[in-house]
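Entries follow in the order I checked them.

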Amino acid sequence: MKTGFIGAGKVGFTLGKYLTEHGKKVTGYYSRNTHSAREAAQFTDTKACDSLAELIHESDVLFLTVPDSSITSVYEEIAAHPIRGKYICHCSGEKTSAEAFPDIDKTGAYEYSVHPLFAVSDKYHAYEELPDVFFTIEGNKDHLDGIRGMLSEAGLQTRLIDPADKTRYHAAAAAASNLVIGLLDQSISMLGECGFSEEDARAALTPLVLGNVRHLLRDGTVQALTGPVERSDTETVRKHLASLDSRRDRVLYSLLSLRLADIAQRKHPDRDYTAVEKILEEFAE
């Protein structure tokens, strides 16, 4: 199937480059920003289309790699053209295909959400990491094998997801990606209060963070857990809370530590965590 991209940002660059590198036919790009479309076409050795109609006519699959807020309005432009039998895809983690493409059944096209569980941060190099990335797919059930097969043939890992689970799925992804950044920013800030420069704080935390993540991903959260909550060390937990200046930081520490207490209880079923949970609950609201 020939694939075209509407929108030439980081996701469009990345998917287009990966597909061309793995033997799939990419028609090219269309964007209101003609410079970005030409740049993406050059990067992927495809072409920049002069009109939306041209890209639609030449493509079997259309990826709308535009901001989430623009997906539906761009789709409505597409729907004004003959798109019967074409696969219309977006890459939003939160929107379902039905939400993004209202009344698409009237056009005869097939709707899909194809979301890479991955933070695309570099449009020129991120495609190299895609073989390790899961792509979650939901949409028209009658033709799922078509879009899933195209991605699988290119060496991508795919997983089907129920549309009803999309928002929870996206929240899970945000927790592992965005919220972790907030948590580490707090740690860096606290080390700054201890006299570390930001650069030194990042360097000091690197082996701790990477080692912990490797252990967690290899062995699971229960086996990876260490620290004062896991030991039910109430004195240290009290000291930690007392050292935090803002209520917001104490609430964050307490809520996450209560989650750790649940994990610790699974690790040590015979250990009593009542005392440490009581301390944490005092600050969790």
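**Entry 1: the second annotated span.** I began with residues 134–258, where the chain is 72% helix and 8% strand and the end C-alpha atoms are 30 Å apart. UniProt places the feature "domain: DUF2520" there, from an unreviewed entry. UniProt positions follow the numbering used here, feature names are shortened, and annotations may be inferred rather than shown by experiment. Helices (H or I, at least four residues) and strands (E, at least two) are DSSP runs, numbered from the N terminus.

**Entry 2: ground rules.** I noted that this is a predicted model, with local features needing pLDDT of at least 70, side-chain atom pairs counting only at pLDDT 80 or more, and totals for chains, interfaces and linings using all residues. Residues are numbered from 1 along each chain as its sequence is written, and side-chain values use heavy atoms, with hydrogens and water left out.

**Entry 3: helix 7 on helix 8.** I looked up helix 7 (residues 166–193) and helix 8 (residues 198–219). Their axes come within 9 Å and cross at roughly 125°. Axes are lines fitted to C-alpha atoms, for helices over the stretch in contact, and angles run from 0 to 180 degrees between N-to-C directions. Helix 7 and helix 8 are therefore oblique to each other. The classes are roughly parallel under 35 degrees, roughly antiparallel over 145, roughly perpendicular at 65 to 115, and oblique for the rest. Which residues meet? L184, S187, I188 and L191 of helix 7 touch E198, A201, R202, L205 and V209 of helix 8; contact means heavy atoms within 4.5 Å. By class, I read six nonpolar, one polar and two charged residues. Ala, Val, Leu, Ile, Met, Phe, Trp, Tyr, Cys and Pro count as nonpolar, Asp, Glu, Lys and Arg as charged, and the others, Gly among them, as polar.

**Entry 4: helix 11 on helix 12.** Next I took helix 11 (residues 234–243) and helix 12 (residues 247–267), which pack at about 150° with axes 9 Å apart. That angle makes helix 11 roughly antiparallel to helix 12. V237, H240 and L241 of helix 11 meet R250, Y253 and S254 of helix 12. The contact has three nonpolar, two polar and one charged residues.

Entry 5: UniProt places "domain: Pyrroline-5-carboxylate reductase catalytic N-terminal" (unreviewed entry) at residues 3–87. I found 45% helix and 19% strand there, with end C-alpha atoms 9 Å apart. Helix 1 (residues 10–21) and helix 2 (residues 34–44) pack at about 25°, axes 9 Å apart. Helix 1 and helix 2 are therefore roughly parallel. F13, G16, K17 and T20 of helix 1 contact S36, E39, A40, F43 and T44 of helix 2. I read three nonpolar, four polar and two charged residues.

**Entry 6: salt bridges.** How many salt bridges does the count come to? I got 11, taking a side-chain nitrogen of Lys or Arg within 4 Å of a carboxyl oxygen of Asp or Glu. One of them joins K47 and E58 at 3.0 Å, N to O. K47 is in strand 3 (residues 47–48) and E58 in helix 3 (residues 52–58), 11 residues apart.
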